[in-house]
Protein chains: 2
Amino acid sequence: MSSRDAVLAAAPRVLATQPTASMAEIAAAAGVGRATLHRHFASREDLLREIGQRSLDQWAASMDEARVLEAAESGDATVIRACLVDLLTRYVADAQAFGIALTDPTVLNDPELREGAERCFVDELRLHGAAQATGVLRPDVPPRWLGHVLYGLLVAVRDALVEGDIAPRDAAGLVVTAFLEGSGAR
Amino acid sequence: MSSRDAVLAAAPRVLATQPTASMAEIAAAAGVGRATLHRHFASREDLLREIGQRSLDQWAASMDEARVLEAAESGDATVIRACLVDLLTRYVADAQAFGIALTDPTVLNDPELREGAERCFVDELRLHGAAQATGVLRPDVPPRWLGHVLYGLLVAVRDALVEGDIAPRDAAGLVVTAFLEGSGAR
DNA sequence: CCCATGTGAGACATTGAAGTCTCACATCAG
DNA sequence: CTGATGTGAGACTTCAATGTCTCACATGGG
């Protein structure tokens, strides 16, 4: 594994538990010299942006793999619902790999990344819209609110896993249930 | 309003949109000199801790006002459900006032604050436990997970409000519904 | 063997925010 | 008026992390 890959593997891991970790700490965690870290990423911002970009790529990839647009256009409630579940499951995995990108100010405030996020979000909204139109998701809430709820649940599952309050293998199921059925008893 | 109160009012507001705001920016937002800010709060950590402590006090106060422990001990599903809704509504208001405390590393990592948070959480868990036992909340998930879901929804509503995706007057209802009923259509 | 490449260690410089200090000024109670 | 208190402005110091640079070394291809 190249030292660059070592950094890109280690950084999200440390930052997940220590969002303010210094470059020195990140380098150490990656088993790499501080100078080497700076060779690959000129600044801390650079590194964070790269991680943010990768999380966006992963977001897009997950939507792609779940065939979000295809499902949205199908107009078939069963397909849409299955797609949603598939998507959420992928998101949960992504949130563990790129948890830092969910809440880091550097990532959240970067104009380019924001634009990329909005682009992904628009695609996701297609699915939510189709889900609302076909009776899969409740129609009486703003579609963008559904995105926020999803986001919040990913933050929740990330933290719950970090603190060891839920088992990794249960994570996806808990999120899917919480999102679709809520936490109220049936 | 004393300058100290001005700071304690302004700081959470600026930090809500700029979590990395400098002391100088906070002072400016409070309409107060930088020296004055340091007179009241020796360090940035001090200020953040004070805000964190106040958010904990508010958390405790909200549980108190919603009569959480009383409801938990009542064993009455109707009472418990009403208490939960009341509590969530209060939380939504609190999340707007102290949104920064939800995700700021300084607040989240301070040992004393963590201990205080855990103490509040334990009380909240009593309610969740009672709610699960009386068929108000689903019994098939870890009680602590319910706390995380709630937390995630507060982060979601905070961000949705900051970005203007939902109307302030709808916020509480959206959170209550998302938590209890989920986002799936009935 | 030899060179090219990438690396670690560590010295060094830079920077930007934090924190300190002084002083003049406003306010207000007595 | 007068002293006490709190304040704003701004100069100043400190400090920790960032970013730069050099050099010796390892490795691997030729």
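## Salt bridges, a buried glutamate and chain symmetry

A:Arg49 and A:Asp46 sit 3 residues apart in helix α4 (residues 44-65) of chain A, so about one helical turn separates them. Helices here are DSSP runs of H or I with at least four residues, and strands are E runs of at least two, numbered from the N terminus.

The model is predicted: local features need pLDDT of at least 70 and side-chain atom pairs count only at pLDDT 80 or more, while totals for chains, interfaces and linings use all residues. Residues are numbered from 1 along each chain as its sequence is written, chains are lettered from A and ligands numbered from 1 in the order in which they are written, and side-chain values use heavy atoms, without hydrogens and water.

**Salt bridges**

A salt bridge is a side-chain nitrogen of Lys or Arg within 4 Å of a carboxyl oxygen of Asp or Glu. Over all chains, 26 are found, including these:

| Pair | Closest N to O distance |
|---|---|
| A:Arg49 and A:Asp46 | 2.8 Å |
| A:Arg158 and A:Asp159 | 3.0 Å |

Buried means under 20% relative accessible area, exposed over 50%, and partly exposed in between (1.4 Å probe, protein chains only). A:Arg49 is partly exposed at 27%, as is A:Asp46 at 28%. A:Arg158 and A:Asp159 are buried.

B:Arg138 lies in the loop between α9 (111-133) and α10 (143-162) of chain B and A:Glu181 in the segment after α11 (168-180) of chain A, so the pair joins two chains. B:Arg138 is buried, with 10% relative accessibility, whereas A:Glu181 is partly exposed at 28%.

**A:Glu124**

A:Glu124 belongs to helix α9 (residues 111-133) of chain A. This residue is buried without a salt bridge, and the nearest side chain of opposite charge, A:Arg144, is 10.0 Å away; Lys and Arg count as positive, Asp and Glu as negative, with His and the chain ends not counted. Outside four places in sequence, the contacts (heavy atoms within 4.5 Å) of A:Glu124 are A:Trp59, A:Met63, A:Tyr91, A:Gly147 and A:Leu150.

**Chain symmetry**

Chain B superposes on chain A by a rotation of 180° with 0.0 Å of shift along its axis (RMSD 0.0 Å), using least squares on C-alpha atoms of residues with pLDDT of at least 70 in both. The two copies are therefore related as by a two-fold rotation axis. In chain B, the C-alpha of B:Gly182 comes closest to the axis, at 1.7 Å.
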